[in-house]
Amino acid sequence: MKKLTLLLLLLVSMSLFSQNKLILEKPKVDERIELLSIVFRLAGADEYSDQSFKLYADKIEKHFGIHQNHELIEYVKKIRKENGIGYDAVMSMAIHLSEAEQLKPVVKITDSIPDDRWGKENALKFIELLQQFYKDADCKAFFDENAALYKSASAQFLSVYNNPDLKWYETFYGKEPHEKFVIVNGLANGPSNYGPNIVLENGQKEVYAIMGAWSVDSIGMVKFDTNSYFPILLHEFNHSFVNYLTEHNRNDLQESGKKLFVVVADNMKSQAYSDWETMINESIVRASVIKYMKDHHFNKKQIDDEMQKQLARGFLWINELCEELENYDKHRDKYPSFESYMPNIIIAFKNYAANIKGFENRENERKSKL
């Protein structure tokens with residue numbers, strides 16, 4: 001009887017463990033994210049200067065405006081100019097630090113960690129100045145004063161949080177997720193969303209979906225409309241299943257990726273996608289979002305709108321890539337995982353590069369009919 005009881009307990013715990021790998025923590029505001037957003041806002045970074053959530057932007061200005069000439073802010077201006085540090089490099093730094101009052105690296109800082117735009121020397125100097133800024137600007141008081149606002153904002157996001165079918169990711173990609181997924185409401189980030197990740201010292205990988213805040217209600221409080229925010233949440237989680245495959249197949253994708261990027265570079269760079277590898281990651285992720293929408297019976301208009309949106313953003317091959325994902329899903333007996341299908345994706349991108357002129361003509365024709 002004791003052995004049977006022990007076996008039952010073991011089976012239950014294994015079942016719970018398996019389920020828990022697919023359960024998200026509830027959304028939250030992360031003080032590290034807010035702090036670095038505020039710092040780069042004070043340094044004049046356009047991508048961190050949005051005023052959509054004006055109620056909160058005004059609170060930032062009221063508390064931090066007098067610290068605009070702090071040594072940290074001057075240093076950020078310098079390294080932005082010299083190294084192009086901005087956008088996702090800022091959020092990558094944030095998640096590589098311990099909780100706000102400590103702000104110590106949680107993993108070893110190197111020339112490529114948290115991001116190669118930082119470099120080890122700049123990163124360590126920045127962290128040192130950030131710790132001092134936290135004290136000088138009385139950041140704890142600001143976060144304490146806004147605790148109720150943070151709680152309310154994350155509660156608003158629950159309608160989006162409750163939507164994703166997490167099981168779909170495992171089924172579609174043929175890969176059991178071992179990562180910890182974290183949703184953060186980046187209230188100072190305006191329309192920008194980021195998906196950084198970190199591998200901790202114990203080997204645990206944490207994948208973040210840092211969701212911006214770009215819409216407010218009649219009294220100026222942030223609101224999260226499911227139709228607007230849900231596809232972006234889907235998008236960020238796909239990166240965890242896609243990016244490592246592009247990296248592993250970098251040599252095979254490089255030639256076609258570069259040919260495509262030359263043609264759409266202006267469009268890509270306007271979205272802060274500065275190289276061909278990022279473009280390919282984004283291509284596959286965006287096609288995967290459309291695949292998710294189809295598999296979950298979104299209406300035709302929603303799917304068509306998403307497709308048109310991606311064409312307008314420069315992903316001229318999105319129709320063909322979506323067809324490629326459908327082909328993969330129809331032949332799962334031969335391709336048990338998306339990783340096993342990657343040779344076909346490599347061939348597909350070679351074909352897109354060879355036909356880029358045709359894609360351009362088709363897009364120009366589409367635009368002329370709008």
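Helices here are DSSP runs of type H or I with at least four residues, numbered from the N terminus. Leu103 is placed in the loop that joins helix 5 and helix 6.

The model is predicted. Across the protein chain the average pLDDT is 91, and 94% of the residues score at least 70. Residues 1-22 stay under 50 in pLDDT. For residues 1-22, the model has eight contacts beyond four places in sequence.

**Backbone**

Most residues other than glycine have a negative phi, and most peptide bonds are trans. Leu103 has a phi near 55 degrees, a positive value in a residue other than glycine. The peptide bond from Ile113 to Pro114 is cis, and its omega is near 10 degrees. Pro114 is found in the loop between helix 5 (88-95) and helix 6 (120-136).

**Helix 2 and helix 3**

How do the axes of helix 2 and helix 3 cross, and within what distance do they come? The axes of helix 2 (residues 31-42) and helix 3 (residues 54-64) cross at roughly 70 degrees and come within 11 Å. Angles of 65 to 115 degrees count as roughly perpendicular, and helix 2 and helix 3 are therefore roughly perpendicular to each other. Helix 2 contributes Glu34, Ile38, Arg41 and Leu42 to the contact, while helix 3 contributes Tyr56, Ala57, Ile60 and Phe64. By class, this contact of helix 2 with helix 3 has six nonpolar, no polar and two charged residues.

**Empty spaces**

Rolling a probe the size of a water molecule over the atoms shows where empty space is left. The structure holds two cavities of 30 Å³ or more. Among the residues that line the second largest cavity are Arg41, Tyr56 and Ala57, which also take part in the contact between helix 2 and helix 3.

The table sets out the volume and lining classes of the two spaces.

| Space | Volume | Lining residues by class |
|---|---|---|
| Second largest cavity | about 40 Å³ | six nonpolar, three polar, two charged |
| Second largest pocket | about 270 Å³ | five nonpolar, six polar, four charged |

Note on methods: Residues numbered from 1 in each chain as written. Predicted model: local features only at pLDDT ≥ 70, side-chain atom pairs only at ≥ 80, totals over all residues. Heavy atoms only, no water. Axes fitted to C-alpha atoms, helices over the stretch in contact; angles between N-to-C directions. Helix = DSSP H or I, 4+ residues; strand = E, 2+ residues; numbered from the N terminus. Parallel < 35°, antiparallel > 145°, perpendicular 65-115°, else oblique. Contact = heavy atoms within 4.5 Å. Nonpolar A, V, L, I, M, F, W, Y, C, P; charged D, E, K, R; others polar. 1 Å grid on protein atoms, 1.4 Å probe; cavity = no way out; pocket = protein on both sides within 12 Å on 5 of 7 lines; lining within 4 Å. Points joined across faces, edges and corners; volume = space filled by probe spheres on them. pLDDT = per-residue confidence, 0-100.
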